[in-house]
Amino acid sequence: MKSMKTVALLAAAVLTAGFLPGFVRNSLVDAQSTKDKNSEIVDAIITGYEESDDPGKFRVTTSSDTLSYATPDAGSLIHNSKFADCVQLDGVDVSRYQGDINWKDVAADGVDYAIVRVGYRGYDAGQMVIDSYFDANMKGAIAAGLDVGVYFFTQAITTEEAVEEAKLTISKLKNYNVTMPVYIDIEDISSDGRMETAKLTIAKRTAIVEAFCNTIEEAGYEAGIYASKSYFLNNLDPDYLSTKFKIWLAHYTTQTDYKGDYHAWQYSSSGVVKGIETPTDRDVMYSQKVKFSQKQFTITEPETSVKPDLTGDGLLNFESSDPTIATVDAVGNISGISNGTATITAISSNGSRDTVQITVNLPKASMLTYTGLVLDQIGATEKLANISGVKLVSSDESVVSVSGDTLQAVNYGTAEITATDSEGNTAVCNVIVAKPEQLSGDCNADGIVNAIDAVCVLNLAANLGLEIDEKDFSDSYFAVYDFNQDGKINSFDASDILMKSAYAGVAIH
């Protein structure tokens, strides 16, 4: 470790030069936790007296990275053409080194999101520590309407330690709506730090960040990896990692020449943002615009929902232009309510939106509940209209009377009920009022016992499992099928119906 004198002189030089953030990399020390162990330990960078075990005070400096303390103007950045169809989100990443932040001012300055440091593992002792400003930054950023993600500054030298770091991170996220990835920050720091002295191979470092990210994603969060361009190229396997996790690239320049995949780019460590008194890291995130794979969709089945394929980043909300025709739930399931056309809009938190036109063409509901009906006693009633607005007329009110959508048996006999809807469409139901013993065998209630009734018996027997005990069909509806009155509905009833109808001359009236 560096001596206190060396650290104090270095801190003084940095403060004099005015390049505090250039020396301080976003730091994640829990000052209170540190003081609990040694009340005399305070932040060396800020006070110039003592040094903590926080790896965040070291900068990422490698020969292949262009590090500039002159803040590039966001408008001067040259973006890779592969992001042409993305929304560019303006972001900051912060830790306790930024001090108290006025997040309302940050949001008003055009910042879309913040990546907040959860904590770190000490580069010497290896103890995990929570950033003392974590809760304040999370609450403030969320209250200001920013999307938030987090990062943990690792010094893990085993996959087991990486999992510990991930679990600590997850434990701190439970009270917050984290809408952006959870990153592991891995960098070169002091040459005598625990990660450097461990002499980790590329495979080992890759396994460490993968273990962290897998644990994060198992908890339901999206995981990512933060590192500099040179660190990705020299210490990790970015081609493999980018197939599984988000990549946040640090490369301080106006146009990165990094060839690998990445979704966010930290282009400066000395940005000036209203609401943050110290210079801070500036980032741009490339967020995919929301897009439906189809522009039109037709719903033809009632009581079903469809979910058109959708791509894009960000949290999504959905709206229907006409909920009386089609509704959409919180996850994009669309249901047809009535025939017509409606537009469903998907709105992403990244500001993009897309629409799909929904045509609802549901089959017209049957006007009548039955096309044939048997009433087995005088005074029996049955609701017949299946939809509202249908007018029912009985061909013989002395046998079957009509009141609204309901029929009533008046006398033994037959009647034809005609239904007419508001569009003039009609439907007919044949109604028989008879004693149960008169109905045996007339399964389709058409007043005739014939081969059609035998087929009905066979169909019902198959549906019931070939036969059914009488105690289960004491209802006159089932009794009609038990032609031989043996307490079972099976092929014997069908056979008896066929024989009787043959003897009677094809049909029994």
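I started with α9: at 1.5 Å a residue its 17 residues should span 24 Å, and the end C-alpha atoms are 24 Å apart, so the two agree. The expected span here is 1.5 Å times one less than the number of residues. Helices (H or I, at least four residues) and strands (E, at least two) are DSSP runs, numbered from the N terminus.

Ground rules before going on. This is a predicted model, so I kept in mind that local features need pLDDT of at least 70 and side-chain atom pairs count only at pLDDT 80 or more, while totals for chains, interfaces and linings use all residues. Residues are numbered from 1 along each chain as its sequence is written, and side-chain values use heavy atoms, with hydrogens and water left out.

C213 sits at 0% relative accessibility. C429 is also buried, at 0%. I looked for disulfides (cysteine sulfur atoms within 2.5 Å), and the structure holds 0.

Just after α9, G220 takes a positive phi of about 100 degrees. K199 has a positive phi of about 55 degrees although it is not a glycine. Most residues other than glycine have a negative phi, so I made a note of this one. K199 counts as exposed, at 69% relative accessibility.

**α7**

I ran the length check on α7 (residues 159–173) too: 15 residues, reaching 21 Å from first C-alpha to last, close to the 21 Å expected. Its buried residues are E161, A162, E165, A166, T169, I170 and L173.

**The sheet with β20, β23 and β22**

Three strands form an open sheet in the order β20-β23-β22, with antiparallel pairing. β20 (381–383) and β22 (400–403) stand at the edges with a single partner strand each, so one side of each has no neighbour in the sheet. The twist averages 25 degrees from one strand to the next; axes are lines fitted to C-alpha atoms (for helices over the stretch in contact), and angles run from 0 to 180 degrees between N-to-C directions.

How many bridges join β22 to β23? I found 4, with β23 at residues 406–409; two strands pair if DSSP finds at least two bridges between them. V400 stands opposite A409, and V402 opposite L407. The hairpin of β22 and β23 has 2 residues between the strands, and G404 there takes a positive phi near 65 degrees.

**R282**

R282 is in strand β9 (residues 280–288). Buried or exposed? Buried, with a relative accessible area of 9%. Its side chain makes a polar contact with the side chain of D90 (2.6 Å). By polar contact I mean N or O atoms within 3.5 Å; within protein, one must be able to donate a hydrogen and the other to accept it, and residues adjacent in sequence count only if both atoms are side-chain atoms. Not counting residues up to four places away in sequence, R282 touches (heavy atoms within 4.5 Å) residues including D90, V111, W265 and Y267.

**Q357**

Last, Q357 in strand β18 (residues 353–360). Q357 is partly exposed, at 32% relative accessibility. Leaving aside neighbours within four places in sequence, Q357 is in contact with K295, Q296, F297, T341 and A342.

Methods:
Buried < 20%, exposed > 50% of the residue type's maximum accessible area, 1.4 Å probe, protein only.
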